[in-house]
Amino acid sequence: MDYQVARHNMVENQVRANKVTDPMVIAAMEEVPRELFLPESKRGVAYVDEDIAIGNGRYAVEPMVIARLMQLAEIATTDVALVIGAGYGYSSALLSRVAETVVAIEQDGAMAQAAEKIMQQNNYDNVIVVEGDAVAGYPKQSPYNVIMFDGAVAEVPEAILAQLAEGGRLLAVVREADKVGVARLYEREHGVIGHRDLFDAYVPYLPGFEPVESFVF
C-alpha cells in the first residue's frame, strides 16, 4: 500500500472537502503518517473516513473531525497545547506541526509508552507524553493556549476548563446520552469561559468521560 498516496487522497477527499482551508492544518495532515500511530493490524485502513478501534475501548478519531477542530482552534506557532486522552499520539503529532509545544496525557500505560516511543523515533521533539489521569488534565504545565479532547465527552470537567489560559481555546465533541455529538468551542475571555456549538459529529467516548448513569425511581 502506498501510504503517501492514500494520505494525499484523504486530505483532498475528506479534509478539504469538509471546509478545512487553513494551510497549516492541511500541511500537517499531509505530513503526519497516521499509519504509524495505529496498531500494525489496523494500518491498512489508516486513511478511511471513520474512527478506528485501537484496543481497550479506545478509538483513533476520524481525521476530518481532528482537522476541523484544529482549524477552529486557530492555533498559533507560539501556543502550548494539551491533548486529553492521546492514545498512540496521532492528534498530538498533528498539533505539534502547528503549536510550539504539545503535552499529551494518556492514562493507558502501554499506549503512553508506545506513543512516547513513536514520538522519539520520528522526531516529534516538541511533544511531551505524560501517563496520568486524563480526567484531571495536566495542571502541572498549565495554563494552555489550546486544549483538545481526542474523543467525545459527556461534559467538559471544570478542572480541565480551569487549565485554559486567558484567550485560550478548548475543543471537544460533547455527546449527551443517546444523542449525536456536537463539536464545541470554549474560550476564556477576561477570566470568563463561554462556549458555542460548531458542527455535529459522532465520536466514540473517551474512557472516563462517558455519561453518568442516572436512576429513575
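**Figure 1. Strands β8 and β9 pair in the antiparallel sense over 8 bridges.** This is a predicted model, in which local features need pLDDT of at least 70 and side-chain atom pairs count only at pLDDT 80 or more, while totals for chains, interfaces and linings use all residues. Residues are numbered from 1 along each chain as its sequence is written, and side-chain values use heavy atoms, with hydrogens and water left out. Strand β8 covers residues 182–189, and strand β9 covers residues 192–200. Helices (H or I, at least four residues) and strands (E, at least two) are DSSP runs, numbered from the N terminus; two strands pair if DSSP finds at least two bridges between them. A183 stands opposite F199 in β9. The two strands form a hairpin with 2 residues between them, and H190 in the turn has a positive phi of about 55°.

**Figure 2. Strand β8 also pairs with strand β7 (residues 164–174).** These two strands run antiparallel and are joined by 6 bridges. One of the residue pairs is V174 with its bridge partner V182 in β8. Of the 8 residues of β8, 6 are buried (under 20% relative accessible area, with exposed over 50% and partly exposed in between, for a 1.4 Å probe and protein chains only).

Figure 3. A nonpolar core is a set of buried Ala, Val, Leu, Ile, Met, Phe, Trp, Tyr and Cys residues joined through side-chain atoms within 4.5 Å. The largest one has 58 residues, and M29, F37 and M70 have the most contacts inside it. Another core, of 21 residues, lies apart from it and includes A134, Y144, I160 and V174. Burial in α3 extends to 10 of its 11 residues, among them P63, R68, M70 and Q71. The helix is followed by E74, which has a positive phi near 50°.

**Figure 4. M29 and the residues that it touches.** Contact means heavy atoms within 4.5 Å. Not counting residues up to four places away in sequence, M29 touches R7, M10, V11, V15, P63, A67, Y90 and L94. Two of these, P63 and A67, are buried residues of α3.

**Figure 5. The largest cavity has a volume of about 80 Å³.** On a 1 Å grid over the protein atoms alone, a cavity is a set of points where a 1.4 Å probe fits but cannot get out, and lining residues have an atom within 4 Å of a point. Grid points are joined across faces, edges and corners, and a volume is the space filled by probe spheres set on the points. The model has 4 cavities of 30 Å³ or more. The largest is lined by 14 residues, of which I54, Y59, A60, A86 and D150 are closest to its centre. Strand β2 (58–60) gives the most to this lining, with 3 residues, and α4 (90–96) gives two or more.

**Figure 6. The second largest cavity has a volume of about 50 Å³.** Its lining includes V61, V65, I66, L69, S91, M148, F149 and D150. The largest share, 4 residues, comes from β6, a strand of residues 144–153. Helix α3 supplies at least two.

Conventions. On a 1 Å grid over the protein atoms alone, a cavity is a set of points where a 1.4 Å probe fits but cannot get out, and a pocket is an open set with protein on both sides within 12 Å along at least five of seven lines; lining residues have an atom within 4 Å of a point.
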